[in-house]
Amino acid sequence: MTNTQLWFRGVRPSKFRHVYGLPTRKECCYTDISVVRSGNDGNFCAVNPTFLAIVADTTFVVIPLNQTGRIDFQCCKVIGHTGQILDLKWNPFDDHMIASASDDCTIKIWKIPEGGLTSNLTECSTELVGHKRKVLHIEWHPTAANVLLSAGFDHLVCVWDIGNTERPLLNVIDCHVDMIYSLAINRDGSMIATTSKDKKLRVIEPRSGIVVSEGICHLGTKCSKAVFLDSNRILTTGFSRHSDRQYAVWDQHDLRKALTQEVIDSSSGIVTPYYDYDTRMVYLAGKGDGNIRYYEVVDEPPYVYYLNQFLSGQPQKALGFMPKRGLNVNQCEVFRFYKLHAAGNVCEPISMIVPRKSTLFQSDLYPDTVANVPAIGAKEWFSGRNVSPIMMSMKTGESIALDVTNSKLNRSSSTTESVKVQRTHSIHHLTNGNTTVNGTTNGMNGSHHLGPAANNGNINGNTINGNQQPQQQQGHYGQNLTNGTTTIHSTIGTNRLSINKENEQQQQHQLDNRKLDNNTKKFAFLSQPTIPDYRPQTIIEKSQKTSTNQSTKFHQLQAIFGQQTTNHKDIANLQNNLLSTGSRNSSRNSSLENINLLNSENELRKAFSKQADEIKSLRKSLNGSEKRVRELEAEVKRLQQQLKQHQ
């Protein structure tokens with residue numbers, strides 16, 4: 001074997017080997033946000049393709065995703081908790097519903113209006129009360145509608161059905177004996193994983209509360225985190241006995257020994273893992289770090305391969321991540337973080353991009369991903385059924401948005417109690433003298449019309465089994481139906497054609513009456529031709545608008561620095577004003593002639609304070625001179641009186 005072959009043995013091919021992080025320009029960030037200053041490691045930032053939510057102590061702000069730039073400190077907020085908010089999560093099936101967990105022992109569900117907040121939102125749609133101490137973590141179920149899981153400081157894990165207003169609490173899991181550090185749920189929602197202060201990793205069946213497996217994960221005393229991988233594996237991050245940060249991969253059915261365990265570094269920040277099921281990449285971001293490491297997960301040992309890291313000079317306080325359906329496929333973007341800076345009140349989007357020259361859709365980078373459509377209802381899931389999530393294509397175009405809408409329509413009636421059938425169902429051999437068609441099918445809002453061959457014989461939909469798998473519920477519409485002595489012979493093709501036509505008509509009618517969602521708007525905008533505008537544009541600076549409203553330069557400084565809320569834009573505008581007017585009025589205010597040397601906020605503050613001190617000293621000297629004048633006048637009068645007496 002040659003040296004060249006030996007060298008190539010160590011090079012592992014991967015299409016994600018050169019993934020890099022692309023920070024966003026300052027004008028496209030979200031600045032001047034009142035970020036919470038708590039030391040907790042909670043999820044203070046949550047994002048979906050429509051809104052960005054950021055915690056601000058006992059309240060949180062909801063910003064439309066396209067509203068970048070400076071955020072007004074008096075912007076509308078969601079106000080309702082009496083304690084600090086510790087976790088935020090958007091509903092994966094409703095971009096306008098968000099859950100918040102708080103220090104006041106409650107969980108509240110909020111409904112954000114279309115287009116964002118126009119006033120402070122104080123009324124929640126649902127309040128979940130059941131924890132005895134503060135609620136630390138919340139997670140939405142990935143496939144079942146209206147199912148929420150929460151973990152609190154009272155060592156309890158609660159399972160909620162927010163659609164049930166009378167008894168929303170489905171189950172309480174009390175297997176923990178110490179503080180719960182993290183809560184994770186697998187892709188189909190059949191298992192949850194928790195890490196605790198007792199250094200144990202537990203895999204739990206959430207409906208029954210049975211602990212499937214448990215074991216010691218990390219020997220350190222600091223916080224540990226867990227996330228589910230595919231192929232029944234779990235990745236945890238924590239600290240070793242010597243306070244080294246490390247990650248480990250486990251088999252969820254056997255937690256006695258880790259499949260692999262590696263040391264990351266010796267920093268002290270808590271590491272949070274984020275896993276992407278589509279690309280099989282895991283991102284490790286430490287609190288207080290300026291970097292984000294990313295790895296690729298494989299099925300063979302060592303199970304995790306280091307790829308690279310995103311480096312930044314600004315440490316992160318918290319990270320939110322965009323769901324896959326909100327990414328930009330034209331730029332080969334495979335993940336997007338929303339980074340809350342530890343200092344500066346800035347939220348910065350960071351895109352993880354695969355470097356490719358082509359702007360066409362890359363099918364190998366974007367397999368079918370999870371859609372924003374529930375696959376099962378809460379009661380059906382709690383009764384013991386597990387269903388994989390409904391998938392959608394990432395390929396851009398109108399047909400993709402239509403497919404998602406169709407799946408929404410097909411699932412619209414599956415969450416109700418009266419309908420037990422999913423998507424489509426099969427009609428079996430039914431014999432009844434005078435039966436009636438009462439069953440409905442998802443995607444159809446009426447009864448089955450089997451054509452003229454039905455011969456006024458109707459079918460009772462209650463005989464259809466609602467627990468059939470979707471693979472078993474497709475087709476078979478043309479089976480024999482007997483009504484007395486009459487035999488109905490319907491072919492599969494005829495029945496399928498009639499049902500498909502009804503589906504298309506009803507779906508088209510509902511699509512016409514329904515608002516276009518965000519993806520449809522985006523695709524419609526992209527399909528429009530771009531017409532260049534060559535007309536000259538006049539740009540009016542803020543300095544030209546505001547310079548005439550100020551009497552003196554000192555008043556400008558006093559108006560800016562006399563308030564506590566000072567921003568860099570006002571300082572820049574003030575500097576431009578002083579430079580423009582200083583050339584015309586060079587004879588006055590000679591102390592401000594060198595204002596162009598003041599290049600920072602601190603120097604401007606020093607100049608302002610210096611001028612204020614000078615004014616104070618002048619006032620003191622003026623008062624002293626006036627006093628001296630009065631004393632001299634009195635002395636003159638006294639001398640004049642003495643002179644008169646001598647005369």
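These legends describe close-up views of a predicted model.

**View 1. The open sheet E24-E25-E26-E27.**
Four strands make up this open sheet, in the order E24-E25-E26-E27. Their pairing is antiparallel. Strand E24 covers residues 271-276 and strand E27 covers residues 304-310. Both stand at the edges, and each has a single partner strand, so one side of each is left without a neighbour in the sheet. On average, neighbouring strands of this sheet are turned by 25° against each other, direction ignored.

**View 2. The pairing of E26 with E27.**
Strand E26 spans residues 292-297. It runs antiparallel to E27, and 6 bridges join the two. Strands of a sheet pair through backbone hydrogen bonds, either parallel or antiparallel.

Strand E9 runs from residue 94 to residue 102. Of its 9 residues, 8 are buried, so the strand is largely enclosed by the rest of the structure. E9 is joined to strand E8 (residues 85-91) by 6 bridges. E9 is also joined to strand E10 (residues 106-111), by 5 bridges. The E8 and E9 strands run antiparallel, and so do E9 and E10.

**View 3. Two hairpins that share E9.**
A hairpin of 2 residues leads from E8 to E9. Across this pair of strands, Asp87 stands opposite Ala101 in E9. E9 then forms a hairpin with E10, with 3 residues between them. Cys105 sits in that turn and has a positive phi of about 70°. Ser100 stands opposite Lys108 in E10.

**View 4. The salt bridge of Arg12 and Glu296.**
The whole structure holds 26 salt bridges. One of them joins the side chains of Arg12 and Glu296, at 3.2 Å from N to O. This pair links distant parts of the chain, 284 residues apart. Arg12 lies in the loop between helix H1 (3-9) and strand E1 (20-23). Glu296 belongs to strand E26. Arg12 is partly exposed, with a relative accessible area of 26%. Glu296 counts as buried, at 11% relative accessibility.

**View 5. The salt bridge of Asp276 and Lys324.**
The side chains of Asp276 and Lys324 meet in a salt bridge of 3.1 Å, N to O. Asp276 lies in strand E24, while Lys324 lies in the loop between strand E28 (316-321) and strand E29 (333-341), so the pair ties together parts that are 48 residues apart in sequence. Asp276 is buried, with a relative accessible area of 5%. Lys324 is buried too, with a relative accessible area of 10%.

Another salt bridge brings together the side chains of Arg280 and Asp299, at 2.7 Å from N to O. The two residues are 19 apart, and the pair links distant parts of the chain. Arg280 is in the loop between E24 and strand E25 (281-286). Asp299 is in the loop between E26 and E27. At 38% relative accessibility, Asp299 counts as partly exposed. A separate grouping also deserves a look: Arg187, Asp276, Asp278 and Lys324 are joined into one network by salt bridges that share partners.

**View 6. The surroundings of Asp154.**
Asp154 occupies the loop between strand E13 (147-152) and strand E14 (157-161). Asp154 is buried, with a relative accessible area of 14%. Leaving aside neighbours within four places in sequence, Asp154 is in contact with His131, Lys132 and Arg133. The side chains of Asp154 and His131 are joined by a polar contact of 3.3 Å. His176 is 22 residues from Asp154 along the chain, and their C-alpha atoms are separated by 9.2 Å.

An unreviewed UniProt entry annotates residues 615-642 as "coiled-coil region". In the model, this span is 100% helix and 0% strand.

Methods: Residues numbered from 1 in each chain as written. Predicted model: local features only at pLDDT ≥ 70, side-chain atom pairs only at ≥ 80, totals over all residues. Heavy atoms only, no water. UniProt positions renumbered as here; feature names shortened; annotations may be inferred. Pairing = 2+ DSSP bridges. Axes fitted to C-alpha atoms, helices over the stretch in contact; angles between N-to-C directions. Buried < 20%, exposed > 50% of the residue type's maximum accessible area, 1.4 Å probe, protein only. Salt bridge = Lys/Arg side-chain N within 4 Å of Asp/Glu carboxyl O. Contact = heavy atoms within 4.5 Å. Polar contact = N/O pair within 3.5 Å; in protein donor to acceptor, adjacent residues only side chain to side chain.
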